[in-house]
Amino acid sequence: MAYIREGRIHLDKSRFSSVLATYHDPCNYGRKAERIFGQGFYDEPRWIISQCMENWVDMYPTRDSQYCCGGGGGTLTTGYNAERIFYGRKKMEQIQATGASMVIVPCHSCHGQLNAIKAEYGMENLVVKYLWELVADCL
Amino acid sequence: MTTNEPISMNLLNQDLFKNWPFDQDHCLTCALCSSSCPISGIDGFDPRKIIRMVSMGLQSELVESRWPWICTMCGKCEHVCPMGIHIPDMMRAIRSLRDRDKVPGILHKGLDAALKTGNNLGLPKEDFVFILEDVADEIRQEPGFEGFAASVDKQGANIMTTIHNKLVNTHTEDLKHWWKIFYAAGEDWTVPSENWEGTNWGMFTGDDPAMKLMSGRIAENMVRLNAKNLLWPE
């Protein structure tokens, strides 16, 4: 955020002007950070996205009431894959409801999970993008 | 485990988990947790049952069950709980009671490798640095990034960053994003050549000493390199 505010990097909003995106709140950056550290990071990523693109919409419900993607807590590595894919259905329904073709996430586990299960929900073309990848793409 | 069979009263030991700090005995059995949980219903699982089982001291049933492992500890149940019961922490505590060789999947194996070698992959230092240099070379091919250089073990950098093991394994492309941002911002940054692992699977397996050790290594790297800030995106 400091890089953008201080003008150390300049972002080109035209790069994704024809893309509708949405944002997924990772449990660990939001609800869990809020409980454990007393601060959930909800507004910061949204502000960064707004510096990169005009067209993005929130899912519903979101922030501290969001649904987990299903890839947290080490579930990507336990081998219980059918359960993990089933877990993700709520998140995929939420993404689908926004009509977005891109979902932005600032978490490695969420990124891995959403990419791994999108085809299971007929969303092969969904672009799953790290928040920092979005920023790097707009440089 | 099966949940349809009656539980014999002589199996109950209601004092067993009395000292756990999760407030399980305050459960009102309202089932808001169960209703909020995306994995409720799988294999008979729901968070309320787990809470009651902890209250009743059904240790072996809990530990043998895969329920705590299909839970992602996302905290939605805890968020809606009117009694503020710390359900995700409780799940993690149940995970910690499993024999380490019965931890499912690659979780404990990855952690074991990390404890021995500094990263989940057991990747030697020279291979790690080679991969970083290779990716840096790719970045230099892109217009506007010709002067880019990977910064390994630099003393006194403003930012020291950890690395998720998948970024030096199957997803090296994803190493580039932060590096490009650093380059564009003129940031003074570095990566440690050892103990760079950003994931901490002790968090998932309920292994507190391992978690502390992995975090401690990152702190040691900060001290060793005299780094001012830490970027730990994992």
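## Pairing in the sheet of chain A

Two strands count as paired here if DSSP finds at least two bridges between them. By that rule, strand 1 of chain A, residues 21-23, pairs with strand 2 of chain A in the parallel sense, over three bridges. Keep in mind that this is a predicted model.

Strand 1 of chain A also pairs with strand 3 of chain A, again parallel and over three bridges. Ala21(A) is a handy spot to look at: it stands opposite Trp56(A) in strand 2 of chain A, and opposite Met102(A) in strand 3 of chain A. Strands of a sheet pair through backbone hydrogen bonds, either parallel or antiparallel.

Put together, you get an open sheet of four strands in chain A, with the order 2-1-3-4 and parallel pairing. The edges are strand 2 (56-58) and strand 4 (127-130) of chain A, each of which pairs on one side only. Going from one strand to the next, the twist averages 30°.

Which residues cover the two faces of strand 3 of chain A? This strand runs over residues 102-105, with Met102(A) and Ile104(A) on one side and Val103(A) and Val105(A) on the other, and all of them are buried. Buried means that 20 or more other C-beta atoms lie within 10 Å of the residue's own, so both faces of strand 3 of chain A count as covered.

Strand 3 and strand 4 of chain A pair in the parallel sense over four bridges.

## Where chain A meets chain B

How many residues does each chain bring to the contact? Chain A puts in 30 residues and chain B puts in 31 residues. On the side of chain A, the elements giving two or more residues are helix 2 (31-37), helix 4 (81-87) and helix 7 (131-137). Helix 7 of chain A has the largest share, with four residues.

## Domains of chain B

Chain B is divided into domain 1, covering 9-98, and domain 2, covering 119-231. Taken over C-alpha atoms, the centres of domain 1 and domain 2 of chain B are separated by 37 Å.

Conventions: Residues numbered from 1 in each chain as written. Chains lettered and ligands numbered in written order. Predicted model: local features only at pLDDT ≥ 70, side-chain atom pairs only at ≥ 80, totals over all residues. Domains from an automatic or database assignment. Axes fitted to C-alpha atoms, helices over the stretch in contact; angles between N-to-C directions. Buried ≥ 20, exposed ≤ 12 C-beta atoms within 10 Å, placed from the backbone. Contact = placed C-beta atoms within 7 Å.
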